[in-house]
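Visitor: I would like a close look at the aromatic part of this protein. Please take me through that part and what surrounds it.

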Amino acid sequence: TLWVTGTQHVIYSVGYGMQQLGMRILNNITWEKPNPPPNLSCRFFTHATETILWAAKTEKSRHCFNYNAMREKNDGKQMKSLWKVGIPRKEEKQFGKHPTQKPVALLERILLASTEPGDWVFDPFSGSATTGVAAALLERKFMGCELDENAVAISVKRLAKAVDDAMPDLAGRRR
């Protein structure tokens, strides 16, 4: 499956393009940011949401959905398509900032919902590698691409720490 996040500026065009390619949109999730960045221009409403599209390759494609894991994360109730997740915490930006960085909690939820341990996760616009950090924490394999050299430098540091935190060595110590 494919997950795409975006604001109202582009997400509708992306969704339309996905449908034109024959993809099946499984869900349209609204990510509500309880503490969004302020609107400095004071000419619009503050952007407090992003849309996340979850799609399958075709109408007939089978997909993984970890219903029970999502229900468990939601206090035993069905997970809805409105997700309240704050913006990245300060410690998530300790190696540097990326302008469109997503919170690890958001990517963990996405990966937990639609992958199994050991699965490969690919992020073609990996930015500061939040997807990779979430993948390491959930025992998924990660591959990402990023053109910006500064973002790659941040990614390398974040991924090294995430792998170190998530993978104890054979002696029981952290690597």
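How many aromatic pairs does a search of the whole structure find?

Guide: First, the ground rules. This is a predicted model, in which local features need pLDDT of at least 70 and side-chain atom pairs count only at pLDDT 80 or more, while totals for chains, interfaces and linings use all residues. Residues are numbered from 1 along each chain as its sequence is written, and side-chain values use heavy atoms, with hydrogens and water left out.

Now the rings. Rings of Phe, Tyr and Trp (its six-membered ring) pair if their centres lie within 6.5 Å; planes under 30 degrees apart count as stacked, over 60 as edge-to-face and the rest as tilted. Searching the whole structure on that basis gives 4 aromatic pairs. One of them is Trp-3 with Trp-54: the planes sit at 10° and the centres 4.9 Å apart, so this pair is stacked. Trp-3 belongs to strand S1 (residues 2–6) and Trp-54 to strand S3, which puts the partners 51 residues apart. Strands (E, at least two residues) and helices (H or I, at least four) are DSSP runs, numbered from the N terminus.

Trp-54 is buried, at 3% relative accessibility. Buried means under 20% relative accessible area, exposed over 50%, and partly exposed in between (1.4 Å probe, protein chains only).

Trp-3 also pairs with Trp-83. This pair is tilted, with 40° between the planes and 6.3 Å centre to centre. Trp-83 lies in strand S4 (residues 82–84) and Trp-3 in S1, so the pair ties together parts 80 residues apart in sequence. Trp-83 is buried too, at 3% relative accessibility.

Next, the core. A nonpolar core is a set of buried Ala, Val, Leu, Ile, Met, Phe, Trp, Tyr and Cys residues joined through side-chain atoms within 4.5 Å. The largest one has 21 residues. Trp-3 and Trp-83 are among those with the most contacts inside it, along with Ile-52, Leu-106, Ile-110 and Leu-111. Strand S2 (24–32), strand S3 (49–56), H3 and helix H4 (130–137) each give two or more residues to this core. H3 gives the most, with 5 residues.

Ile-52 shows how the pieces meet. Setting aside residues up to four places away in sequence, Ile-52 touches Trp-3, Val-4, Thr-5, Asn-27, Asn-28, Ile-29, Trp-31, Leu-106 and Ile-110. There is also a second, separate core of 6 residues, which includes Val-4, Ile-11, Met-18 and Met-23. Touching, or contact, means heavy atoms within 4.5 Å.

H4 deserves a stop. Of its 8 residues, 7 are buried, so H4 is largely enclosed by the rest of the structure. Those buried residues are Thr-130, Thr-131, Gly-132, Val-133, Ala-134, Ala-135 and Ala-136. They pack against H3, S5, strand S6 (141–144) and helix H5 (149–166). Just after H4 comes Glu-139, with a positive phi of about 60°. Glu-139 is not a glycine. It sits in the loop between H4 and S6 and is exposed, at 53% relative accessible area. Gly-118 is in contact with Glu-139, Arg-140 and Lys-141, leaving aside its neighbours within four places in sequence. Gly-118 itself lies in the loop between helix H3 (104–114) and S5.

A salt bridge is a side-chain nitrogen of Lys or Arg within 4 Å of a carboxyl oxygen of Asp or Glu. The whole structure has 5 of them. Lys-102 and Glu-50 form one, at 3.6 Å from N to O. Glu-50 is in S3 and Lys-102 in the loop between S4 and H3, 52 residues apart. Both Lys-102 and Glu-50 are buried.

Another salt bridge joins Arg-89 and Glu-92, with the closest N and O atoms 3.5 Å apart.
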